[in-house]
Amino acid sequence: MAQLQTIPTRPARVAALNRRYRHRAAIQVLREALSDPELGRVAMVSSFGADSVALLHMISLIDRTTPVLFIDTQMLFPETLTYQAEVAAKLGLTDVRTIRATPAAIAAADPDGDLNQTNPDACCDLRKTVPLNRALSSFDSWITGRKRFQGATRSEMEFFEEDPAGDRIKINPLAHWTARDVADYIANNRLPRHPLVSKGYPSIGCMPCTSPVKEGEDPRAGRWRGQDKTECGIHFVNGKMQRIPPAAPAPFVPADGQPVIVRDSGFGPEDWTGPILDLASDADLDDPDLRVGDATMIRIAFPSFTDGRGFTLARRLRVAGYKGRLRATGYVIADQLPMARRSGFDEVEIDADLARRQPWPHWRDAADAAPSYLKKLGRRAS
Amino acid sequence: MARKFEPVVISANDLFDGRVIYLTGADEWVPHLNQAELITEEDHAKHRMAHALALSDRAVGVFLAPARPGPDGPVPGHPREAFRANGPSNYFHGKQAEA
Amino acid sequence: MYHHSEFDRAFVIDRAERFRDQVNRRISGALTEEEFRPLRLMNGVYLQLHAYMLRIAIPYGTISPDQMRRLAHIADRWDKGYGHFTTRQNIQFNWPKLVDIPDMLDSLAEVGMHAIQTSGNTIRNVTADHFSGAAADEIADPRPYAELIRQWSTDHPEFQFLPRKFKIAVSGSPNDRAVVKSHDIGLRMVRRDDQIGFEVSVGGGLGRTPLVGKVVNEFVPTTDLLPYLEAILSAYNTVGRRDNKYKARLKIAVQELGIDHIRELVEARFAETRPMFDGSDQAVLAEIAKQFAQPELVEGRSTAAYDAARDADPVFRSWADTNLHDHKNPDYAIVTVSTKKHGATPGDATSDQMRLLADIAEEYGQGDLRISHEQNVVMPHIHRADLPAIHAKLREAGLGTANIGLVSDIIACPGLDYCALATARSIPIAQQIATRFDELKLEHEIGELKIKISGCINACGHHHVGHIGILGLDRAGVENYQVTLGGDGTETMSVGERAGPGFSKDEIIPAIERLVQGYLAIREDEDETFLQAYRRLGPAPFKAALYPAEEKAA
């Protein structure tokens, strides 16, 4: 008897996702979520508030083109707007979409801009919930920066949640982070902090509804101080799930006798027609006859994947100021791609046999941005 | 004078759990030395070794292990092989505990 | 204690995930065994005689109670209920299945542990004085520097495929408890004009060519530490030999090229590496240092209970005499728990013992546990008043042996019982020596005596630096044991000299007994240690004790 294909219910899918991603670190949840077909099209929603830069930085490491929705309530601190532009530029985020209520809606519901004083929930609804809901309608899942420590209402939060109001899934990669983790991450990666943090605002929303908190207070105590309200409106929205399969990679078939060039974008054919300076793995870079400065392409041989001299050669060339193309050639295996890239190589040249045995996905998975201690320690490779 | 060829069996470790395995005359990898094929001629050893390497998907570190004929099949031909065949001497672990 | 940050956690989880993928690719055939081998070694997985072996890093020997409990859990769940502490302050499990190892790594990652760089031709897990942060004689705690080095060396893209393995040790005291000069790089903390820095030695090592490290720089300020280390590694990756694995260690390059040549090369590379560091490492170091702040010790609590127990209980007194070391605070002591009960396998601990150690450390010891390179477990901050209670608990669990630094506190490698490289067994020799001297009840009279046993020339049992070293070899298919004399693994490091022909496994125990009895007969007084007597008298009387028949013949 044929087994019936059943489409799992959303609670079941969320539970399965939480099981699958249990014990994962934030960056892994994020990396995998961005390519997991279960989650469809994913956007990140960011306030560019006090802690946002950590998650934005991770996004920028994984895929700078990820859509980032920034809600401008038109009641924000001017510092937030400046900071938003600064962070987006520094991290190279290419798809930041500013979301605002329509002028017509503002004119109808809050012409004098004082709705926050009479009915803050309605103000949030007008300036956050409705515009965000509209913007999210073309996404299946969205990433938030919410964390368990941020208050009693979030203490049980998992990596994945049903969006209570819609058919979307909320992804909370930082669910298990503590305030210290956020601070460590921001410090270790030397990321710019929101200018209001140093003025006593650990959680930053709209100007009229945010005040500084005191040492030892719940960091969100400054939000809607004196009111019952604890959630910000972004996290209760309506929406519909739509499925779009991820785009297929461009086909390239390795051919016998032809080199395969491995780059960050995938396998490809040889495309270099200029002169090549070939260096053996025991090349002496201090030899004055070796005129590396004139080269436009230097190719360093790896006679065996266990011979790591080429990594030091590459790094020394880069530190000496070599700006041309740098290629590792010979016996380099997929798991060494991150070492090659971090040592200054642009690409790796392998033969078709190895390319067939270790196809592109093996290289891609190996190259996925693992956290780098050297970067944290401020050691550059060029 | 050519050195006398000492008898051997073909041995390896299992890829999945690392345990010691031996090759039988019927090309099967088995955990017990006494079921292994005892090889007494050098040319046959070379031939069987090449064959073992070709079929060795689950065998890691295939090599010719010294062995001697015994009443119930091959027995270890070197102290190292005795430990491989039985287990360590400080605990009753390994193959001696599985028998 | 170092707080594992989200960064560290993300890193180890990522590595565990990569290893799971590598195992899958090995099984699918995408990776050949030859390709897989260095990848598994990068994650601590060896293939030994009977099974795989997983070596888990305990960086600079520092481990928390939760981590210790996790090791106990791993021993029960995936191994045979015990683990083996090693001479590089790591722990090994002898019976994991390859297919289970990714799960074991996941489980370790949950408590911030991993097996990264415990094997392979890379910078190995950095080691440090096991009394760091507690010892009375210390200039400063070396662990912040060790942690900085751990971070720098972890997954360093340039140094994962070095000519050979590379070991770094750090000591913060004039009394070297980390054998720094037997490492590729030995860092000995020194103070110069109120500035802390390191005397850097290179080219030390044991193995088949035992060499004492040579000083390449008398004072490297801590601000230059990473660029300087990077310069040494960069030079080594260029000049280290790749044509012969037995000549590939840095020590051979230092021996062949000379320390002056190496110094020039390192200085030239340092000019390249210094500008590569923008100074952020110093901010990271400052953050790390905060986490190694001195624990809050109780002031004014009476130590009368300790004094009373000493007076009343000779067993306790004997243990206190051998297993305690001076703490910075005289009300406290550093406790070394012996894993060398007479007749037991040196360095082994059962899962129950691990849990007990975790509980004691949590209840009495600031949650601080250390693994020493002598394969014992250290609790560095114990109030003296708590010692009688701790001793009682340890005794009940077979951990109360009073033998630290004595003849039965033997370092032994796993030897031919487990190791694929070994040529003879080490463990049974250690067991028999310990049992024999326990029977003779001479141990405390003999005093300090370090016996170290290796089961092959690679010298994992540090036999070269044993006052008495024993090296197990294979002589025509029979185990044979050579004795070396006069080795020393401290700041006065020296390599032992071979005494003469080897002994069979039945002869070696009586030979060691003769040797020790011979020492007792010729020492000046009971304060003169074996090593001091050897240095005073030279090898002749000791050889005479070892080889009495020959003397008669001559």
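A: **The cysteine site and its surroundings**

Cys124(A) sits in helix α7 of chain A, which covers residues 120–136. The model is a predicted one. Cys124(A) counts as buried because 24 C-beta neighbours fall inside 10 Å; the threshold for burial is 20 or more.

Under "binding site", an unreviewed UniProt entry lists Cys123(A), Cys124(A), Cys206(A) and Cys209(A). These four span 87 residues in sequence, yet no two of their C-alpha atoms are more than 10.7 Å apart, so they gather at one spot.

Cys209(A) has another setting. Its place is the loop between α8 and β7 of chain A, with β7 at 260–263. Cys209(A) is buried too, with 20 other C-beta atoms within 10 Å. That count meets the cut-off of 20 or more.

Now the chain around the site. Six residues of domain 1 of chain A contact four residues of domain 2 of chain A. On the domain 1 side, the elements that give two or more residues are α2 and α3 (52–62) of chain A. That side divides into three nonpolar residues, two polar and one charged.

Next, the partners of chain A. Two pairs of chains are in contact, and chains A and C share the most contacts. Here 41 residues of chain A meet 41 residues of chain C. On the chain A side, six elements of chain A give two or more residues each: α2 (26–33), α8 (179–188), α9 (309–319), α10 (337–342), α12 (360–367) and α13 (373–376). The top contributor is α9(A), with six residues. By class, this side of chain A holds 16 nonpolar, ten polar and 15 charged residues.

Two of these helices have come up already. Helix α2 of chain A is listed on the side that touches chain C, and α2 of chain A also gives residues to the side of domain 1 that touches domain 2. Helix α8 of chain A is on the list for chain C, and the loop that holds Cys209(A) lies between α8 and β7 of chain A.

Chain B is another matter. Chain A and chain B do not touch, and their nearest C-alpha atoms are 15 Å apart.

Turn to chain C. Its secondary structure comprises 19 helices and 21 strands. The radius of gyration of chain C is 23 Å, close to the 24 Å that the globule rule gives for 554 residues, so chain C is as compact as a globular protein of that length. Along the principal axes, its C-alpha trace spans about 65 × 60 × 55 Å. Of the 554 residues in chain C, 61% are buried. Among contacts in chain C between residues at least 6 apart in sequence, 67% join residues at least 24 apart.

One helix of chain C shows burial in detail. In α2(C), residues 33–41, the buried residues are Glu35(C), Phe36(C), Arg37(C), Leu39(C), Arg40(C) and Leu41(C). Their cover includes α1 (6–28) and β1 (45–47) of chain C.

Chain C also has a UniProt annotation. An unreviewed entry lists residues 119–271 and 409–523 of chain C for "domain: Nitrite/sulphite reductase 4Fe-4S". In residues 119–271 of chain C, the end C-alpha atoms lie 30 Å apart, and the span is 31% helix and 20% strand. In residues 409–523 of chain C, the end C-alpha atoms lie 21 Å apart, with 29% helix and 23% strand.

From the N terminus on, its elements run β-β-β-α-β-β-α-α. With 99 residues, a compact globule would have a radius of gyration near 13 Å, and the 13 Å of chain B agrees. Its C-alpha atoms fill a box of roughly 45 × 30 × 20 Å along the principal axes. Buried residues make up 31% of the 99 residues in chain B. Of the contacts in chain B with a separation of 6 or more, 53% come from residues 24 or more positions apart.

How values were computed. Residues are numbered from 1 along each chain as its sequence is written. Chains are lettered from A and ligands numbered from 1 in the order in which they are written. This is a predicted model: local features need pLDDT of at least 70, side-chain atom pairs count only at pLDDT 80 or more; totals for chains, interfaces and linings use all residues. Helices (H or I, at least four residues) and strands (E, at least two) are DSSP runs, numbered from the N terminus. The radius of gyration is taken over C-alpha atoms; the globule rule is 2.2 Å times the number of residues to the power 0.38. A residue is buried if 20 or more other C-beta atoms lie within 10 Å of its own, exposed if 12 or fewer, and partly exposed in between; C-beta atoms are placed from the backbone. Two residues are in contact if their C-beta atoms, placed from the backbone, lie within 7 Å. Ala, Val, Leu, Ile, Met, Phe, Trp, Tyr, Cys and Pro count as nonpolar, Asp, Glu, Lys and Arg as charged, and the others, Gly among them, as polar. UniProt positions are given in the numbering used here, feature names are shortened, and annotations may be inferred rather than shown by experiment.
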